[in-house]
Amino acid sequence: MDYSATELTEAKRQIDSILHKLHETVKTLEAKDHPERYKSQLTLAKRRIRALTIAVALIEAQLHPDT
């Protein structure tokens with residue numbers, strides 16, 4: 001599928017917002033007493049961060065193919 005630069009830019013903006021929230025979630029969970037109790041939530045958040053980081057990289061590559 002082809003997406004316009006506007007659509008890609010908006011998608012990136014939304015993903016960046018989600019990434020910010022996920023990073024804050026990880027910080028919060030790691031700062032809690034007994035963070036090992038939140039191992040599954042931390043693993044899930046970190047996997048989502050990785051997946052969304054890849055998505056951002058792909059969007060940026062689509063927006064700026066010469067770089």
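## Contacts and overall form

Of the contacts in the protein between residues at least 6 apart in sequence, 64% link residues at least 24 apart. The structure shown is a predicted model.

Two helices and zero strands make up the secondary structure of the protein. The radius of gyration is 15 Å, well over the 11 Å that the globule rule gives for 67 residues, so the protein is more spread out than a compact globule. Along the principal axes, the C-alpha atoms fill a box of roughly 45 × 20 × 15 Å.

## Nonpolar core

Eleven residues form the largest nonpolar core: Leu8, Ile15, Leu19, Leu22, Val26, Leu29, Leu42, Ala45, Ile49, Val56 and Ile59. The elements that give two or more residues to this core are helix H1, spanning 5–31, and helix H2, spanning 39–63. H1 supplies the largest share, six residues.

Ile59 is one of the core residues. Apart from neighbours within four places in sequence, isoleucine 59 is in contact with Leu8, Ala11, Lys12 and Ile15.

## Burial and surface

Of the 67 residues in the protein, 16% are buried. The accessible surface of the protein is about 5400 Å², and carbon and sulfur atoms account for 55% of that area.

## Charge

The protein carries 11 positive and 10 negative side chains. The centres of these two sets lie 10 Å apart.

Definitions and conventions:
Residues numbered from 1 in each chain as written. Predicted model: local features only at pLDDT ≥ 70, side-chain atom pairs only at ≥ 80, totals over all residues. Heavy atoms only, no water. Helix = DSSP H or I, 4+ residues; strand = E, 2+ residues; numbered from the N terminus. Rg over C-alpha atoms; globule rule 2.2 N^0.38 Å. Buried < 20%, exposed > 50% of the residue type's maximum accessible area, 1.4 Å probe, protein only. Contact = heavy atoms within 4.5 Å. Areas by Shrake-Rupley, 256 points an atom, 1.4 Å probe, with all protein chains shown as cover. Lys, Arg positive; Asp, Glu negative; His and termini not counted. Charge placed at Lys NZ, Arg CZ, Asp CG, Glu CD. Core = buried A, V, L, I, M, F, W, Y, C linked by side-chain atoms within 4.5 Å.
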